[in-house]
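Thanks for coming, everyone. Please look at the sequence and the model on the screen.

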Amino acid sequence: MQRVRLVAFVLVLAGCASAFPEDALRSVDRSVTVTALRQDPAANLGRRVLLGGDILATRPMPNQTEVELLSKPLDGEDRPRPGDASDGRVIVTTPQFLDPAVYAAGRRMTVIATVTGEEERKIAELPYRYPVVAADAIKLWPREVVVPAYPPGPYFYPWPYAVWLAIPGLGPGPYWW
């Protein structure tokens, strides 16, 4: 019985594991939110934060790549949660080349980053103050595939049976009704 409890406990812990190694997360200040960064980025300069969200745009430049990220709350695995809840936008910079075809709009990403400042840009015609962070570690999450609950088409039978039903004269006749 003890072994069963131990195995169950290990499985529960494994289900809540982060996307990053434990030693990389030790210096992260999880109390710093995007809302706090937007209100006073100067007070958080140099702090390591954990942020995640949906990629809005990836812009490669000569010495770095910028990723515009729509921040989302993170789950127990540090994966951005789906939905419309957001704290705002963040600019993530990295000296690595990130291909915009891979780091495409709509993909989810989580980063461990250091707060480096703020930058004012426009969203359409409105000025917006972006917190800017330098990525130390990046996790690009796999694309999510939506599988329909039922196969498409008029028949919900294995295909040989569906073909048999569809051929006039072979399928069940009116006497089956």
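Predicted model: local features only at pLDDT ≥ 70, side-chain atom pairs only at ≥ 80, totals over all residues.

Residues are numbered from 1 along each chain as its sequence is written, and side-chain values use heavy atoms, leaving out hydrogens and water.

Confidence, then. pLDDT is the predictor's confidence in each residue, from 0 to 100. The protein averages 81, and 73% of the residues score at least 70. Where is confidence lowest, and where highest? Helix H1, residues 2-15, has the lowest mean, 46. Strand S2, residues 65-71, has the highest, at 96. Helices (H or I, at least four residues) and strands (E, at least two) are DSSP runs, numbered from the N terminus. Over residues 4-15, pLDDT stays under 50. That stretch has one contact (heavy atoms within 4.5 Å) beyond four places in sequence.

Next, Asn44. This residue sits in the loop between helix H3 (34-39) and strand S1 (48-60). Is Asn44 buried or exposed? Buried, at 7% relative accessible area. Buried means under 20%, exposed over 50%, partly exposed in between, with a 1.4 Å probe and protein chains only. Leaving out residues up to four places away in sequence, Asn44 touches Val32, Ala36, Leu37 and Val115.

Last, the tyrosines. Tyr128 is buried, at 15% relative accessibility. Tyr130 is buried too, at 2%.
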